[in-house]
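Please look at the sequence and the structure together, and keep both in view while you read.

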Amino acid sequence: MSEMIDELYRDVIMDHYRNPRGRKKLDKPDLHNEGKNPSCGDEIEMDLKISDGRIEDVHVGCVGCAISVSSGSMLSEVIKGRSIDEVKKIAEAVKKMLTGEPVPEDIGLDIGDLEALEGVKNFPVRIKCALLSWTTLIDSLESYSESREQVRAQ
Ligand code: ZN
């Protein structure tokens, strides 16, 4: 039974790898960030369009292994249209899932295909690959929140 599940998850991951979502470049993004995972050679660029505290659109350009590319593709699907607060919650939950920490049951959000990445926690060298897009996203949103706070403080 567990082999069947693994196969299903492998299919989900390979589907995102072969047809990554969120590839389309954005016109005048509000945020741009880049990330690297030197241990594997994965590289990512991420653009976000934000309006009214929501992720209006996202572009993920990732070059690397199947895990990093599919994780970035899943990210683009899951975060689009969500509020920044929701996205931060999801990102924290995904980080926990990937590092084998207990994930709060009631994050109350559908993380879609992302559960296919849960098995990555059993492959420590792959964890950084799966995390790359998420740490890049968190970075980006933190710099956004900071710049907003500065505006408010002025
Ligand atoms: Zn990788």
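Helix H2 is mostly covered, since 12 of its 14 residues are buried, where buried means under 20% relative accessible area, exposed means over 50%, and partly exposed lies in between, as found with a 1.4 Å probe on protein chains only. Helices (H or I, at least four residues) and strands (E, at least two) are DSSP runs that are numbered from the N terminus. This is a predicted model, in which local features need pLDDT of at least 70 and side-chain atom pairs count only at pLDDT 80 or more, whereas totals for chains, interfaces and linings use all residues. Residues are numbered from 1 along each chain as its sequence is written, and side-chain values use heavy atoms, with hydrogens and water left out.

Among the buried residues of H2 are Val69, Ser70, Met74 and Val78. From its first C-alpha to its last, H2 reaches 20 Å, close to the 20 Å expected for its 14 residues at 1.5 Å a residue; the expected span is 1.5 Å times one less than the number of residues. Just after H2 comes glycine 81, which takes a positive phi of about 85°.

Which side chain does the side chain of serine 73 meet in a polar contact? The partner is the side chain of histidine 16, at 2.7 Å, and a polar contact is a pair of N or O atoms within 3.5 Å; within protein, one atom must be able to donate a hydrogen and the other to accept it, and residues adjacent in sequence count only if both atoms are side-chain atoms. When its neighbours within four places in sequence are left aside, serine 73 is in contact (heavy atoms within 4.5 Å) with His16, Asn19, Pro20 and Arg21.

H2 also meets helix H4 (residues 124-153), and the axes of these two helices come within 8 Å and cross at roughly 35°. Such axes are lines fitted to C-alpha atoms, for helices over the stretch in contact, and the angles run from 0 to 180 degrees between N-to-C directions. From H2, the residues Ile67, Ser68, Ser71, Gly72, Leu75 and Ile79 meet Arg126, Cys129, Ala130, Ser133, Trp134 and Leu137 in H4.

Helix H3 (residues 84-99) has 16 residues, which should span 22 Å at 1.5 Å a residue, and this agrees with the 23 Å between its end C-alpha atoms. Its buried residues, including Ile84, Val87, Ile90 and Leu98, belong to a set that packs against strand E2 (42-51), strand E3 (54-63), H2 and H4. H3 is followed by glycine 100, whose phi is positive, near 80°.

Most residues other than glycine have a negative phi. Lysine 28, however, has a positive phi of about 45° although it is not a glycine, and lysine 28 is found in the loop between helix H1 (2-18) and strand E1 (31-37). Aspartate 52, in the loop between E2 and E3, likewise has a positive phi, near 60°. Lysine 28 is exposed, with a relative accessible area of 68%, and aspartate 52 is exposed, with 80%. In the loop between H3 and H4 you will find phenylalanine 123, which counts as exposed because its relative accessibility is 51%.
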